[in-house]
2 protein chains.
Amino acid sequence: MAITLIINTGSTSKKYALYDQRKVVLEFRYERTASGYEVCTKNATGAQSSAGITQTDFSASLTQVVPAINEYLAEHTKVLDSICVRVVAPGTPFQQHQVIDAAYRAALRQAELTSPLHVPTTLQEIHAAKLAFPAATIVAASDSAFHDTMPERSREFSIDRSDAELYDVHRFGCHGLSVASIVRRVHPVTGLNPERVVVVHVGGGVSVTALHKNVSIDTSIGYASASGLPMGTRAGELDAGALLRLMRSKNLRPSEAEMYLYTKGGLAGLADDGDIRRLLDRRSKGDAVATAALDLFVYHIQKMIAAMTVPLGGLDLLVLTGTACSRSAELRTLILSGLSHLGVAIDSDRNETLVNADGLFNKKDAAVKVAAIRTDEMGEMVYVAEQFRKK
Amino acid sequence: MAITLIINTGSTSKKYALYDQRKVVLEFRYERTASGYEVCTKNATGAQSSAGITQTDFSASLTQVVPAINEYLAEHTKVLDSICVRVVAPGTPFQQHQVIDAAYRAALRQAELTSPLHVPTTLQEIHAAKLAFPAATIVAASDSAFHDTMPERSREFSIDRSDAELYDVHRFGCHGLSVASIVRRVHPVTGLNPERVVVVHVGGGVSVTALHKNVSIDTSIGYASASGLPMGTRAGELDAGALLRLMRSKNLRPSEAEMYLYTKGGLAGLADDGDIRRLLDRRSKGDAVATAALDLFVYHIQKMIAAMTVPLGGLDLLVLTGTACSRSAELRTLILSGLSHLGVAIDSDRNETLVNADGLFNKKDAAVKVAAIRTDEMGEMVYVAEQFRKK
């Protein structure tokens, strides 16, 4: 009768979910919006409410959800067994799921510089969680662990091998929890057991992963979670030499350059807005800047999908996931429209029906199956926490 | 009866060719080898000779070839009309072919920092050429000009648009002269006029370019000539965040980081040797390090070829060029072996016969034609010089 608290902090949001066994009983979503901050709450009956909050409330979000959690535990005479925190950071110490101890926290503090958008918040949450629930085991769910299976040609950069080892610079990948949740749901949703799958995740971050027999063999994100593809605010595909040019011209130190990569690029850099919904809206009204930004954004995703057919030797199933893909049939259409030469052909009517829903939407006779499947990082983290309860 | 001197300096070599009209009459190739320096000379009759030289001779190479050029001019009572110098540097000022004047030289001096491997030598050669042949027009043949046709989605990074404009940070591409020379030779060699062509150039640098109706619509090299794909000594695909990590760990300044990107990566970083011939040899003897390095090297090229099918909507012809591709059937086999799902299938016997030769070598019934075509950057530069004589 295990109870797990899931903590999933992103660059602009913090999500909490209390699971009784594998079922969500409480959910809190703190978000920074264009106009301020808000929290959405959902309880076991599915009743939802949302409210505007202050920045202070946003910072102290975990403290704010503790009373509701304790109330649930008291009401059902249960205790909180474990807390599972999503960790996004490059480095071998962070490429496995594990119980968070002092050594792990020390390693995380060292990683603050290389992951300025994710790690500082993660450390705050771990600290707050320990204070609030001192008896619970706190588990780190690595967002890179799933990519641990990548072969050398996908995992290594072409840099001096001794530097790569000494400074632990490899392509660790991200969105591993999301992709793992998709692997778990491909068969239930599609009825298929395809060998060659590409998963496209478009949320605040963007990645493309190649799965062979459900195992990650390549992914677009390399070392930094701001690498690979253009994202909401992350530059993604900026080449290292171009960054050096910007560092010289703008007189940026490495830490400032790092923040630049994470915050000044992607759709925000191109169109002054990292929100895909608003850009799609501007595009539909004929805004040329938004149209060009989305064109570039989608183009890189398409090229990466095509590139991933190489390690797979072709493609059986293409899965679109992540918040942006799940809620917008229009975005899915844009992404898939340039891939007919790979055997992708979509059923537009079927696509339109899939709003925050799961299902196949390829044309019946298409060579490649195409599915929209909602990611379930939080649900995946419950499975991660379970691994440590068994031990 | 125009006489043109072509100067083509690379990262480890300097080539000179004297053209009488469009015919080479003298050729000098200065190279840094594993054991020292050497020069190979070829005259109008095709007679070749080579000799070891000192580092001083290598540095003063242009001065050394002047007597032979003057001898040819005197013997044929001709004058040197123009000198054409290959320029590899990112930046709008360098993206067109043009007569080199004081402003252009000043711009090049500014570019030394961003192109530490190419620009300093180029400036030396221009200086020496002016001294040796003061009456000749000196023309810059831009190695990026050919990519001037790329659409916005290929040309722009997803960074702050005003920074991109202000600091002139765009994807300029390289190997334009090589690709232009291939465009000129596709029909003579293959008898085809394909619409959708991918050109793979593997020499000291490595790039993949998508041509639609003979026009560049995308290319793998972005801002730095050390970007895109792993090369002999250039890291290529290293993500900007990973470079920042190395800068912090190794305490590198931007100029040092730049040299790192150009000299510590690629095959040299992975296998302590940037020479593909020697690596293929080590591979054939079962050397695991060389095998893994080539595997990674080839893998990135394959993925980029597949990616380029997106802007083209498929593929009609794949051309392999550059010194390494032209002389090694084995390298071509490695590159093409992972692309059968794109319709690539090669005739192995035919491939073996093409050593420093041009021709098709796809299987007769293959969906995609495949050709080896020798690059002719120097010959292309004669055409560039001609444009300025007409004016």
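How many disulfides (pairs of cysteine sulfur atoms within 2.5 Å) are there over all chains? The count comes to 0. In C84(A), the sulfur lies 16 Å from the closest cysteine sulfur, that of C174(A), which is too far for a bond.

The model is predicted: local features need pLDDT of at least 70, side-chain atom pairs need pLDDT 80 or more, and totals for chains, interfaces and linings use all residues. Residues are numbered from 1 along each chain, chains are lettered from A, and side-chain values use heavy atoms, without hydrogens and water.

Chain A and chain B meet in a contact (heavy atoms within 4.5 Å) that takes 69 residues from chain B and 69 residues from chain A. The buried area (accessible area lost on being put together, 1.4 Å probe, summed over both parts) is about 5,900 Å². Carbon and sulfur atoms carry 62% of it.

The two chains share 10 salt bridges (a side-chain nitrogen of Lys or Arg within 4 Å of a carboxyl oxygen of Asp or Glu). One joins R161(A) to D272(B), with the closest N and O atoms 3.2 Å apart. Several helices (DSSP runs of H or I, at least four residues) of chain B each supply at least two residues of the side that touches chain A, including helix 8 (240–250) and helix 9 (254–263). Helix 12 of chain B gives the largest share of that side, 14 residues.

Key
Disulfide = S-S within 2.5 Å. Buried area = accessible area lost by both parts, 1.4 Å probe.
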